Every structure is written in structure tokens, then in C-alpha cells.
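Have a look at the sequence and the structure first, then read on.

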Amino acid sequence: METLPTVLLKPGEADRIVAGHPWVYHSSILRLTHTPADGEIVQVKDHRQRFLGVGFFNSKSKINVRVLSPERADIDQRFFEQRIRAALAVRQKHLPGATSFRIVNAESDSLSGLIVDKYEDVLVVQISALGMDKRKATIIAVLQKLLSPRAILERSDVASRKFEGLEESNGLLAGELASPVSVNLNGLRFEADLAAGHKTGLYLDQQVNYQAVSRFAQGAQVLDCFSFLGGFGLHAARAGAAQVHLLDQSESAVQASLRNAEANGLKDKCSAEAVNVFDWFKAQTKTGPHEKLLPKFDLIVLDPPSFTRNRAAVPDALRGYKELHVRALKLLKPGGTLATFCCSHHVNAGLFQDTVLSAAFDTRKVLRRVAAYTQSPDHPVIPMIPETEYLKGFAFELAR
Ligand code: SAH
């Protein structure tokens with residue numbers, strides 16, 4: 001272990017690592033004992049030579065070291081097996097009974113740069129760090145041993161790979177996969193195209209929220225905006241909604257959501273349109289000179305894409321969020337519920353709620369907050385690592 005290349009941190013830079021944040025930026029480094037190869041394991045020490053942990057080195061990345069362990073662990077097959085077993089235990093504890101879930105959520109599970117999603121008996125792996133990429137074969141061997149999947153697919157198509165000096169890498173790593181997988185979420189089936197669908201197939205991070213929001217659906221006229229495969233809408237339909245209308249700009253998503261409605265015996269209650277939600281809202285909320293808008297919905301779900309690639313995009317994104325909320329509130333019946341989500345890491349819950357309240361002010365509505373949501377527990381939030389938290393949501397009722 002003592003022969004490992006050593007990364008010494010500048011004074012004051014150790015605390016974050018001790019607190020559990022695994023990233024060592026280039027600017028935090030005092031010096032290297034000798035230059036490690038990219039992807040190699042290094043030990044990290046503070047400026048007084050006190051040991052802080054071991055991790056992957058990559059000179060090409062802004063994150064020069066990704067700390068994997070605060071101990072002098074060997075990063076070998078046994079290490080990955082222990083980590084993945086521990087991650088599985090967290091899911092079994094917090095999502096008992098789920099058959100599709102995120103097994104490994106990178107920093108949330110002390111495996112920076114690695115995501116593993118389980119869709120029934122198929123696994124999807126996403127690697128965003130060079131050190132992980134170099135150990136792909138070991139990781140695959142562990143996954144085979146622990147889970148015996150029918151197939152393992154790689155979806156390393158995230159933009160951040162280029163900051164690590166990595167190319168995109170997609171395709172089958174093991175087994176065979178000919179068709180979309182029928183994914184069970186809370187007892188409903190969703191057809192997921194794991195080779196091309198959003199994220200690694202679908203939005204596992206909303207699994208718990210689909211069920212939670214559906215409690216507002218009894219007898220309701222429901223509008224599911226940015227519906228993708230129909231996650232919120234179909235859960236609402238099953239929970240006793242009178243009618244569910246799904247909106248997504250992607251024609252293929254709309255077609256898939258209608259097939260999902262049919263597969264779950266919910267076709268009669270569901271309709272779907274391939275439209276831009278902003279345009280649809282504009283058309284629906286347009287009124288003539290002496291015309292009064294009649295609100296139509298008892299439950300409106302807003303689950304848009306992030307709109308913020310970076311911090312600079314936040315003001316524009318907030319304007320977009322506000323416009324959406326103004327229009328949605330106009331279409332919500334008295335006593336109705338707005339379930340609204342924001343998946344941008346750069347917009348925190350306070351800022352998001354302020355935006356909703358600003359829309360409520362403009363429409364002269366008063367909201368009662370009846371629920372607050374976060375990402376499902378297979379995407380654990382580690383508050384010491386703010387980057388692990390991104391999804392937030394609220395349910396508001398129209399108080400008046
Ligand atoms: N609620 C979904 C996830 C939504 S992801 C779920 O839980 O699975 C965002 C979706 O919004 C994508 O399906 C994308 O096609 C769609 N989308 C993005 N911009 C849009 C727009 N302006 N109008 C309609 N749909 C849009």
C-alpha cells in the first residue's frame with residue numbers, strides 16, 4: 001500500500017474528504033509523490049501526511065481523484081462485491097418488493113462514476129469515470145455472480161465521459177436482449193427500451209412518487225404533462241381516476257404510453273397527445289374578451305425535463321417553470337391538486353417552491369402544500385455530497 005502514488009492536499013482541503021465528499025479537484029492538490037497513470041489507484045493524504053483514503057486518479061479530469069474508500073482497501077473484485085452487496089441491502093431495506101430499481105447510484109453508494117440499474121432480469125451499466133471504465137470486466141463479473149442477469153447492457157452515453165477522456169460506449173456486455181423489457185413498477189407494467197430510452201431506460205427515480213401522487217387521483221380528471229411512458233398517468237388511472245390525459249412531445253413516447261395503458265387494462269380511461277406542453281397550455285388557456293376560463297382538471301402532474309444544463313441557465317429555466325405553473329393553475333379546479341417536480345440539481349426546493357408561489361400570486365390563487373417529494377430511495381441522497389440530490393417535488397391543493 002505504501003508504494004501507491006500519493007496525492008497530498010493543500011492545507012484546508014482535507015475536511016471535505018474526511019466528511020465524505022469523494023472528489024479531489026486539481027486546485028486542491030499540493031503535490032504528487034510521482035505522477036500516477038490515469039485510472040491508477042492513488043492514496044490521498046493531507047498536507048501533514050495524514051492518510052485520508054484511496055481512489056482513482058485521472059489527470060485529464062477536473063476531478064483529479066475520486067476517493068473510493070477512507071481505508072487502505074485494495075480496489076479489487078472483493079472490494080466491488082462488498083460495495084455492491086451493501087448497495088443492494090439498502091434497496092432491499094427501502095424498496096422491499098421492488099423488482100426494478102437502481103442498484104448502484106455512484107457517489108450515493110461510494111462508487112463514484114458507476115451506475116447500475118436493474119430492470120427485472122436485465123442490468124444496465126453506466127460508467128462515467130476512467131478508473132471505473134478500466135475495471136469494467138471486474139464489475140461485470142461481480143454483477144454476474146450476485147444477480148445472474150439475463151443480459152447486461154452498457155449505456156455509457158453521458159456527456160460527462162468526455163471530461164474524463166472517454167468516448168461513448170454502448171452495447172451488450174453479456175447475454176442477449178432482443179426486445180423492450182416489460183418493467184414492473186408498483187405492480188404496473190411499462191415497456192422500456194433499454195438500448196435507447198431516456199436515462200438508462202426509464203425514470204426509476206420516480207417509482208415511489210408515482211404511487212404517492214396517485215392518492216390524489218380517486219374520481220379525478222387527470223392531466224399528466226411530460227408523461228413519457230405514462231408513469232404518473234397510469235398509476236393515477238389504476239388508483240381510480242375518472243379520466244387521464246397524457247401529454248408528451250415525443251410521438252414514440254406517446255405511442256409507448258398508450259401501449260402501456262392497454263397492457264395494464266387501463267386503455268378506456270387514458271388518452272394521449274404528442275404535443276409541446278407549452279403550446280398546448282397556451283391554446284387551452286386562451287380566452288376571448290369576456291370569456292371566463294373553465295378549469296377542467298382535479299389533478300395535474302408536471303414533470304418536465306431539467307431545462308438547466310448549468311447554473312447560467314437557471315434564470316431562463318425558472319421563467320419556463322413559472323409559465324408552466326401559471327397555465328396549470330388556471331386549469332386546476334377548486335380543491336384540485338397540482339403535483340409538480342423539478343429534476344434540476346441547480347434549482348433547490350426553496351427556489352422551486354418560490355417559483356410556484358410566484359405563479360400562484362400571478363393567478364391570485366392560494367396553495368395548500370400537502371406533500372413534499374424527493375427521489376426514490378434507490379437514488380440515495382448523501383447531504384455531504386450535494387451533487388447526489390436533484391429531484392424535488394410538491395403536491396399543492398388549491399386552498400382558494
Ligand atoms: N414523467 C415522466 C418523465 C418525464 S421526462 C416519467 O415519470 O417517466 C421528460 C419528458 O418530457 C420526455 O418524455 C420528453 O419527451 C418530454 N418533453 C420535453 N420537453 C417537452 C415539451 N416542451 N412538451 C412536451 N413534452 C416534452
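**Spaces and cores at a glance**

With 3 residues, β6 is the top contributor to the lining of the second largest pocket. Strands like this one (E, at least two residues) and helices (H or I, at least four) are DSSP runs, numbered from the N terminus. Keep in mind that this is a predicted model, where local features need pLDDT of at least 70 and side-chain atom pairs count only at pLDDT 80 or more, while totals for chains, interfaces and linings use all residues. Residues are numbered from 1 along each chain as its sequence is written, and side-chain values use heavy atoms, with hydrogens and water left out.

**The second largest pocket**

- This pocket (on a 1 Å grid over the protein atoms alone, an open set of points with protein on both sides within 12 Å along at least five of seven lines) has a volume of about 290 Å³.
- Its lining (residues with an atom within 4 Å of a point) takes in 20 residues, and G20, H21, P22, P70 and S110 are the ones nearest the centre.
- Two or more lining residues come from each of α1 (14-18), β5 and β6.
- By type, the lining splits into 12 nonpolar, 6 polar and 2 charged residues.
- The pocket lies between domain 1 (6-69) and domain 2 (77-182), because both give residues to its lining; the domain bounds come from an automatic or database domain assignment.

**The cavity**

- There's 1 cavity of 30 Å³ or more, a cavity being a set of grid points where a 1.4 Å probe fits but cannot get out.
- The largest cavity holds about 40 Å³ of space, a volume being the space filled by probe spheres set on the points, which are joined across faces, edges and corners.
- F56, F57, N58, I63, R66, A129, L130, G131 and E164 line the largest cavity.
- Domain 1 (6-69) and domain 2 (77-182) each supply at least three of the lining residues.

**The nonpolar cores**

- The largest nonpolar core has 43 residues, and Y119, L194, L202, V213, V244 and L299 touch the most other members.
- A core here is a set of buried Ala, Val, Leu, Ile, Met, Phe, Trp, Tyr and Cys residues joined through side-chain atoms within 4.5 Å, with buried meaning under 20% relative accessible area (1.4 Å probe, protein chains only).
- Helix α6 (residues 231-238) gives this core its largest share, 4 residues.
- Since domain 2 (77-182) and domain 3 (203-398) both give residues to this core, the core lies between them.

How values were computed: Ala, Val, Leu, Ile, Met, Phe, Trp, Tyr, Cys and Pro count as nonpolar, Asp, Glu, Lys and Arg as charged, and the others, Gly among them, as polar. Buried means under 20% relative accessible area, exposed over 50%, partly exposed in between (1.4 Å probe, protein chains only).
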